[in-house]
Amino acid sequence: MVTGGLATLVSVSLFNFLVHGLYLTSNPWLAAQPLSALVIANLVGMMVSYRLSRNWTFRHRPPVHADGGRTAFFLINLVTLPIAVGTLWFSRHALGLTDPLSDNVFGNVIGALVGQAARFYLFRRFVFRQPVTVGELVHHPQTVTLPAHRMADQAHPSEDWAQNG
């Protein structure tokens, strides 16, 4: 939660600076392009999130990919990014809301929370997986080594025999 919170803080701050000036400028750089600003802010937040996830949240889990999970991490983020962009688009284009509060509620609260929940599950499942112990390999080799769809096939070998025999 802390990792996601810090990455979200970076993303929200950058988004508000780019679109609304964040009280630092009266001429925000991307005031007319809030969706682009949200994508840029989320990409920066994504980099912060990876560093914190790899070095803090999931530090006890060794990398399972040659690149430390970077590719899977960034693909998962890119796949879930449309959640926040979609909620911001809905607020801006369907509801006609363009004020900072609406932008933040739709793009940075609703979209970010749903996206963060999806990403946490996907990161745990595909990027920062729990290491397999020797005991699990010895006692449950098929559960650990077979993909889920193959485990279902192996669960009822007598049914295969009855159908084929």
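1. T87 sits in helix α3, residues 70-94. T87 counts as buried because its relative accessibility is 18%, where buried means under 20% relative accessible area, exposed over 50% and partly exposed in between (1.4 Å probe, protein chains only). Apart from neighbours within four places in sequence, T87 is in contact with F106, G107, I110 and G111; contact means heavy atoms within 4.5 Å.

2. Basis of the values. This is a predicted model, in which local features need pLDDT of at least 70 and side-chain atom pairs count only at pLDDT 80 or more, while totals for chains, interfaces and linings use all residues. Residues are numbered from 1 along each chain as its sequence is written, and side-chain values use heavy atoms, with hydrogens and water left out.

3. Overall make-up. The chain has 8 helices and 0 strands, taken as DSSP runs numbered from the N terminus (helices H or I, at least four residues; strands E, at least two). Of its 165 residues, 32% are buried. Among contacts with a separation of 6 or more, 61% are between residues 24 or more positions apart. The accessible surface is about 10300 Å², and carbon and sulfur atoms hold 66% of that surface; the areas come from the Shrake-Rupley method with a 1.4 Å probe, and for residues only the protein chains shown count as cover.

4. Cores. The largest nonpolar core has 12 residues, including F15, L38, L81 and L88; such a core is a set of buried Ala, Val, Leu, Ile, Met, Phe, Trp, Tyr and Cys residues joined through side-chain atoms within 4.5 Å. Helices α1 (2-20), α2 (34-57) and α3 each give two or more residues to this core. A second, separate core of 9 residues includes F58, A72, V127 and F128.

5. F58. This residue is in the loop between α2 and α3. F58 has a relative accessible area of 5% and is therefore buried. Beyond four places in sequence, F58 touches S53, F120, R124 and F128. F58 and F123 are 65 residues apart along the chain, with 9.7 Å between their C-alpha atoms.

6. H20. Helix α1 contains H20, which is partly exposed because its relative accessibility is 22%. The side chains of H20 and D103 make a polar contact at 2.8 Å. These two residues are 83 residues apart in sequence and 9.7 Å apart in space, C-alpha to C-alpha. V19 also touches D103, as well as R92 and P28, and H20 has R92 and P28 among its contacts too.

7. Largest pocket. Its space is about 470 Å³. A pocket is found on a 1 Å grid over the protein atoms alone, as an open set of points where a 1.4 Å probe fits, with protein on both sides within 12 Å along at least five of seven lines; lining residues have an atom within 4 Å of a point. Of the 28 lining residues, G4, T8, S49, Q116 and R119 are the closest to the centre. Helix α4 gives the largest share of the lining, 10 residues.

Terms used:
Grid points are joined across faces, edges and corners, and a volume is the space filled by probe spheres set on the points. A polar contact is a pair of N or O atoms within 3.5 Å; within protein, one must be able to donate a hydrogen and the other to accept it, and residues adjacent in sequence count only if both atoms are side-chain atoms.
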